[in-house]
Amino acid sequence: MNELHDDTIEALLRRQFEGPVADNGFSERVMQHLPSRRRRTSWPLWLGVLMGGAACWLCLANVPLFHIGWRDWLSGELSTSAIGMWLAMAAMSLLALGWSLTESRNR
């Protein structure tokens, strides 16, 4: 279905709806036999974030451009290295934002 026809189809379905279908308690019996939902653990997420941050730091620790950009940024100089570092941080932040929005939409 596409969004252009959603309202029309929903109106047709609501017009034809006669109320819940009697199932003689079948739904309740099924729900009683289902296991309760497991609580999601968050430690794998935080472990992944920590390991990803450590891996990024290890990769960037020996890059001279990173050291020059960091030094220029802290001294207040506007250099190509500092601007490149700002752009990289902005791009990574936007990537993380997009990923988190996508993940929150799928829940």
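Here is a walk through this predicted model, from its overall build to a few individual side chains. Residues are numbered from 1 along each chain as its sequence is written, and side-chain values use heavy atoms, with hydrogens and water left out. Because this is a predicted model, local features need a pLDDT of at least 70 and side-chain atom pairs count only at pLDDT 80 or more, while totals for chains, interfaces and linings use all residues.

Let's start with the overall build. The chain has 5 helices and 0 strands, and reading along the sequence gives the pattern α-α-α-α-α. The C-alpha trace spans about 75 × 40 × 20 Å along its principal axes. The radius of gyration of the chain is 26 Å, whereas a compact globule of 107 residues would have one near 13 Å. That radius is taken over C-alpha atoms, and the globule rule is 2.2 Å times the number of residues to the power 0.38.

How much of the chain is buried? Of its 107 residues, 7% count as buried. In these terms, buried means under 20% relative accessible area, exposed means over 50%, and partly exposed lies in between, using a 1.4 Å probe and protein chains only. The accessible surface of the chain comes to about 10500 Å², and 65% of that belongs to carbon and sulfur atoms. These areas come from the Shrake-Rupley method with a 1.4 Å probe, and for residues only the protein chains shown count as cover.

As for charge, the chain carries 10 positive and 10 negative side chains, and the centres of the two sets lie 9 Å apart. Lys and Arg count as positive and Asp and Glu as negative, while His and the chain ends are not counted. Each charge is placed at NZ of Lys, CZ of Arg, CG of Asp or CD of Glu.

Now turn to the tryptophans. The structure holds 2 aromatic pairs. In one of them, the rings of Trp70 and Trp73 have their centres 5.4 Å apart and their planes at 90 degrees, so the pair is edge-to-face. The rule behind this is that rings of Phe, Tyr and Trp (its six-membered ring) pair if their centres lie within 6.5 Å; planes under 30 degrees apart count as stacked, over 60 as edge-to-face and the rest as tilted. Both Trp70 and Trp73 sit in helix α4 (residues 64-75), 3 residues apart, which is about one turn of the helix. Trp70 is partly exposed at 41% relative accessible area, and Trp73 is partly exposed at 34%.

Trp73 also pairs with Trp86: their ring centres are 6.3 Å apart and their planes are at 85 degrees, so this pair is edge-to-face too. Trp73 lies in helix α4 and Trp86 in helix α5 (residues 80-105), so the pair ties together parts that are 13 residues apart in sequence. Trp86 is partly exposed, with a relative accessible area of 34%. Together, Trp70, Trp73 and Trp86 form one aromatic cluster.

Further along helix α5 you will find Trp99, which is exposed at 61% relative accessible area.

What about the cysteines? The structure holds 0 disulfides, a disulfide being a pair of cysteine sulfur atoms within 2.5 Å. The sulfur of Cys56 has its closest cysteine sulfur in Cys59, 6.6 Å away, which is too far for a bond. Cys56 is partly exposed at 44% relative accessibility, whereas Cys59 is exposed at 59%.

Leu4 is found in helix α1 and is exposed, with a relative accessible area of 73%. Leu4 and Val21 are 17 residues apart in sequence and 29 Å apart in space, C-alpha to C-alpha. Asn24 lies in the loop between α1 (3-16) and α2 (26-33). Although Asn24 is not a glycine, it has a positive phi of about 55 degrees, and Asn24 is exposed at 72% relative accessible area.

Key:
Helices (H or I, at least four residues) and strands (E, at least two) are DSSP runs, numbered from the N terminus.
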